[in-house]
Amino acid sequence: MQIFKKKPLIIAGPCSAESEEQLFKITSTLQKNNVDIIRAGIWKPRTRPGTFHGVGAVGLKWITEIKKNIPAVFTIEIATPQHVEMALKAGIDVLWIGARSTVNPFTVQGIADALRGIDIPVMVKNPINPDLSLWIGAFERLDHAGIKQIAAIHRGFSTIQMSKYRNLPLWRIPLEFTDKYPDIPLICDPSHIAGKRNLVYEIAQKAMDLDYDGLMIEVDLDPDKALSDPDQQLTPDAFLQMLKSLRFKAPDTDTSIFHQLEDIQDEIDQLDREMGAIIEARMLLVKKVGLYKANNNMNDDQIEKWKSIIESRLQSIINSHENKKLIQKIFRIIQNESSDNQNEIK
Ligand code: PEP
Ligand code: MN
């Protein structure tokens, strides 16, 4: 089976398998609509213990049963050699290594060893941290174990920055990956990048414009009730509508230049969001200082002395930057606004 040759390769299905009935219904809908591979999480990597961690081995039985009635191709996430063994026994068609496993070379090596000598397609999600070498390392480990059919899944990168996305796309990393390994198909997982269902389409379209080879999208019968990732999953109807609206042909070079610019603009937007939040946090602190001054009846001398202390601190901050003049100007505006605020409090 040369499953990764198909372009665009469409992978869809629930974040987690939750019941045989759910899995059967969603599989039959997606299969009828030409989805190439059905995804379903059986073992879920969850941040905290005590939350839903997947149905486990019984999910493999459901898949085996469903495959008797529907000729669907299934993929599941495997994270340990035991998962690999059970998945192979159950006749799962395609395996994927999740983002939390790709970060750990011991985990990847364990999986690669369990797969040695077996001809099964394997997809590798990018590690949660933006480290291209770690991603490449996982492919090298699989390659050394003799795995021939491999694909990469771009699912975005974890961040402490404020972002409209759950995981930053950082498009330059997967594109650099593709430059280095043009023969490894690159699939986008807009669901885990977006984190919210209304953002899935724009990311999927961008991936298609960048000539990605496929999409992996989370689709569930009743997403709001899903036990994992409820906010980002699409209903089957919304998903099919999205497939209809997507432009699958990569645009000519002119538009792809535009997309490279958009990548930089994404980063500028990010910084703008952070600057906005920082200014807001600063104004709150200024208000606290104003209240402190008013409540403690600071006299004019004390206030003047305090002003000269903070002025020299501010100057040393400004002097440490290259764009001194601009930064000075911006700080003057912020300072004037702060004084006005404090005078109001007085
Ligand atoms: C998933 O696909 O449901 C999943 C857990 O993804 P990731 O490894 O990208 O977080
Ligand atoms: Mn998920």
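Where in the chain is the place of Gly41? The legends below take up this residue and several other sites in a model that is predicted.

**View 1. Gly41 and its surroundings.** Gly41 has its place in the loop between strand S2 (37–39) and helix H2 (57–69). With a relative accessible area of 0%, Gly41 is buried, because a residue under 20% is given that name. When its neighbours within four places in sequence are left aside, Gly41 is in contact with Pro14, Cys15, Ser16 and Ala17. The C-alpha atom of Gly41 is separated by 20 Å from that of Ala114, and these two residues are 73 residues apart along the chain.

**View 2. The manganese ion (ligand 2) and its donors.** Four residues coordinate the manganese ion (ligand 2), namely Cys15 through SG, His192 through NE2, Glu218 through OE and Asp229 through OD, at 2.1 to 2.4 Å. In sequence, the spacing of these donor residues is C-x176-H-x25-E-x10-D. Cys15, in the loop between strand S1 (9–13) and helix H1 (20–32), and His192, in helix H8 (residues 190–194), are 177 residues apart, and the pair links distant parts of the chain. Cys15 is buried, with a relative accessible area of 1%, and His192 also counts as buried, at 9% relative accessibility.

View 3. The buried residues in H9 are Val200, Ile203, Ala204, Gln205, Lys206, Ala207, Met208 and Asp209. Glu202 forms a salt bridge with Lys164, and the closest N and O atoms of the two are 3.2 Å apart. This pair links distant parts of the chain, since Glu202 is in helix H9 and Lys164 is in the loop between S6 and H7, 38 residues apart. Glu202 is partly exposed, with a relative accessible area of 33%, and Lys164 is likewise partly exposed, with a relative accessible area of 37%.

**View 4. The salt bridge of Arg197 and Asp224.** The closest N and O atoms in the salt bridge between Arg197 and Asp224 are 2.5 Å apart. Arg197 lies in the loop between H8 and H9, while Asp224 lies in the loop between S8 and helix H10 (236–245), so the pair ties together parts that are 27 residues apart in sequence. Arg197 counts as partly exposed at 29% relative accessibility, whereas Asp224 is exposed, with a relative accessible area of 58%.

View 5. Lys7 and Pro8 are joined by a cis peptide bond, with omega about -5°, and Pro8 lies in the segment before S1. Leu170 is a residue other than glycine with a positive phi, near 40°, and is found in the loop between strand S6 (150–154) and helix H7 (172–180). At 26% relative accessibility, Leu170 counts as partly exposed. Asp211 is partly exposed, with a relative accessible area of 42%, and a network of salt bridges links Asp211 with Lys7 and Asp213.

**View 6. Helix H12 and a nonpolar patch.** On the surface, Val289, Trp306, Ile309 and Ile310 form a nonpolar patch that has about 290 Å² of accessible area together. Helix H12 (residues 300–319) gives the most to this patch, with three residues. Ile310 has its place in helix H12 and is partly exposed, with a relative accessible area of 36%. The side chains of Lys307 and Glu304 meet in a salt bridge, at 3.8 Å from N to O. Lys307 and Glu304 are separated by about one helical turn, because they are three residues apart in helix H12. Lys307 counts as partly exposed at 44% relative accessibility, and Glu304 counts as partly exposed at 46%.

**View 7. The two assigned domains.** The domain assignment of the chain gives domain 1 (3–252) and domain 2 (258–345). Their C-alpha centres lie 44 Å apart, and the contact takes 10 residues from domain 1 and nine residues from domain 2.

Key:
Residues are numbered from 1 along each chain as its sequence is written. Chains are lettered from A and ligands numbered from 1 in the order in which they are written. This is a predicted model: local features need pLDDT of at least 70, side-chain atom pairs count only at pLDDT 80 or more; totals for chains, interfaces and linings use all residues. Side-chain values use heavy atoms; hydrogens and water are left out. Patches are made of residues with over 30% relative accessible area and no salt bridge: like charges are joined within 9 Å, nonpolar side chains (Val, Leu, Ile, Met, Phe, Trp, Tyr) within 5 Å. Accessible areas come from the Shrake-Rupley method with a 1.4 Å probe; for residues, only the protein chains shown count as cover. A salt bridge is a side-chain nitrogen of Lys or Arg within 4 Å of a carboxyl oxygen of Asp or Glu. Helices (H or I, at least four residues) and strands (E, at least two) are DSSP runs, numbered from the N terminus. Buried means under 20% relative accessible area, exposed over 50%, partly exposed in between (1.4 Å probe, protein chains only). Donors are N, O and S atoms within 2.8 Å of the metal (3.2 Å for Na, K and Ca); water is not among the atoms, so sites may look incomplete. Domain bounds come from an automatic or database domain assignment. Contact means heavy atoms within 4.5 Å.
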